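Dear colleague,

Please read the notes with the structure open beside them.

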Amino acid sequence: MTGTWREGTYALKVDSDVEKKELDLAGRIDHLPLSQILPFLKKYNVLRGEYDGRQVWLNLRFKSPGRTRWMDGVPLQVERLSFEGDLGEIEGGGFHIRRWNPLEFSNTEITLRNLQIEKLLRLFGRTELPKSVGALGELNGVLKLEGARRMSLSGEYSGLELIFSNRGERKSQVISLMTGVWNYDQGRWSLTIPSIRPYEGLF
């Protein structure tokens, strides 16, 4: 089965045994607006909350690991997963989704390129910046996921603009480059920042 969905395309191959309630499937999605699948993800509790998927496109390659009983939920092997658009690029793959509700998946690495933090927050429905922040900048790095309870993010962050008042005069400080590692382990967060390079050295 192939077709078009908005400006994207898709292909799906399904081999099923109705009597045994088993199926084997493989598919691909190219340049599909993320806004088209967010209602589906929310319906099955993969995502919660309000999201704005406009100007973000999804590319996906997936298949099931052989014949699977569909009554048990269909696990998937994700060969490639990427998002592109105004927010930058997010690309990963080579992992398995073992369960959908609650979501359970194997370890994987995701590459982030020119990720616009303000637009990423807008995707998650957060549109207002704190008054002390002029711009959130962009991130380049690697996100390592160990299931849903552990993760680490390492990379370079640039373009953060902080706003402060000096004797009644509004000033701004831009961080031209900041490197760091951000870890999450079963509810505990830690952040290590080995270097910060402010623009014009005001800090």
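With which residue does Glu169 form a salt bridge? The partner of Glu169 is Lys171, and the closest N and O atoms of the pair are 3.6 Å apart; a salt bridge here is a side-chain nitrogen of Lys or Arg within 4 Å of a carboxyl oxygen of Asp or Glu. Glu169 is partly exposed at 45% relative accessibility, and Lys171 is partly exposed at 30%, where buried means under 20% relative accessible area, exposed over 50% and partly exposed in between, with a 1.4 Å probe and protein chains only.

Before going further, please note that this is a predicted model, in which local features need pLDDT of at least 70 and side-chain atom pairs count only at pLDDT 80 or more, while totals for chains, interfaces and linings use all residues. Residues are numbered from 1 along each chain as its sequence is written, and side-chain values use heavy atoms, with hydrogens and water left out.

The structure holds 10 salt bridges. One of them joins Arg28 to Asp30, with the closest N and O atoms 2.8 Å apart; Arg28 is partly exposed, with a relative accessible area of 28%, whereas Asp30 is buried, at 19%. Another links the side chains of Arg99 and Glu104 at 3.8 Å, N to O, and here Arg99 is partly exposed with a relative accessible area of 43%, while Glu104 is partly exposed at 32%.

Finally, Arg80, Glu89, Glu91 and Arg113 are linked in a network of salt bridges.
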